[in-house]
Amino acid sequence: MSPRRPARRAGRGQVRRPVRRTARATGAARRRRGGSSGWEQAAVGLFAVAVVWSVVEGALRWLAAHPAVGALLLAAAGGGLAFWGVRRRELARWERVRQRGLRYAMPQIDALHHRQFEHAVRDLMRRDGCPDAVQVGGAGDNGADVKATDPFGRRWVVQCKHRKAGLAGAAVGTPDLHVLNGTGRPVHHGDVVVLVTNGRFTANAVDFARDQRLHLVDRHLLARWAAGSAPLWELLRAVPPPRRPTPFS
């Protein structure tokens, strides 16, 4: 029997070659790691389900042992759902009635706060068929207090100027129109740019609005609109044509 040869060691200056694994061995190792990870995830999922089921089962047993509490909870939940449903239907019905029959007399409008005046203009636009009308006035509004889209696809940008004294208050002048003219179309992309007041406009403001294709609603026109005589686009002159066909065309 021949003596066993000792393994050759790499001498000084020689580089030991790394052991190369075959593709089959590498794939098998990856499958073993993947299988292990999959089993671990499945085990964690089963443990979570077991914990949840244990909690639910414990709660059901406790409720079974205390039927009065369970009945009280069911009654409270049912009552809450019923109240929420009734309240929601009532609010929707009232909103439809309010918008269909919304009317304002000028003394009512004069008594409003300036923010309430913006809300009133928004509601009038909704009444006339602009369900997306929104009040946006406030800090950083860039000259727009109300925005809306009418049934013909036109985008309305409205600035509101409320005067407590009505006609006796300060007339709206060109400075306010300068702001609206600078933002109504370039910033807010309005097709119809309007300034509404319960007061009056200066002669210079009227001339400027005509030159810049801005629309003015003074106290007299506002009274007609708020009384429900016609939608605002039927009361104004030179309104741009519809963007989409009308229901009657």
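**Exercise 1. Determine how helix 4 and helix 7 are oriented to each other, and which residues make their contact.**

Step 1. In this predicted model, where local features need pLDDT of at least 70, side-chain atom pairs count only at pLDDT 80 or more, and totals for chains, interfaces and linings use all residues, the two elements are located first. Residues are numbered from 1 along each chain as its sequence is written, and side-chain values use heavy atoms, with hydrogens and water left out. Helices (H or I, at least four residues) and strands (E, at least two) are DSSP runs, numbered from the N terminus.

Step 2. The axes of helix 4 (residues 114–127) and helix 7 (residues 219–226) come within 11 Å and cross at roughly 50°; axes are lines fitted to C-alpha atoms, for helices over the stretch in contact, with angles from 0 to 180 degrees between N-to-C directions.

Step 3. Helix 4 and helix 7 are therefore oblique to each other, given that angles under 35 degrees count as roughly parallel, over 145 as roughly antiparallel, 65 to 115 as roughly perpendicular and the rest as oblique.

Step 4. The contact (heavy atoms within 4.5 Å) is made by Phe117, Val121, Leu124, Met125 and Arg127 of helix 4 and by Leu222, Trp225 and Ala226 of helix 7.

**Exercise 2. Locate His189 and Arg213, and decide whether each is buried or exposed.**

Step 1. Most residues other than glycine have a negative phi. His189, although not a glycine, has a positive phi of about 60°, and Arg213 likewise has a positive phi of about 60°.

Step 2. His189 is found in the loop between helix 5 (174–183) and strand 4 (192–197), whereas Arg213 is found in the loop between helix 6 (203–211) and strand 5 (215–217).

Step 3. His189 is exposed, with a relative accessible area of 55%, and Arg213 is exposed at 57%; buried means under 20% relative accessible area, exposed over 50%, and partly exposed in between (1.4 Å probe, protein chains only).
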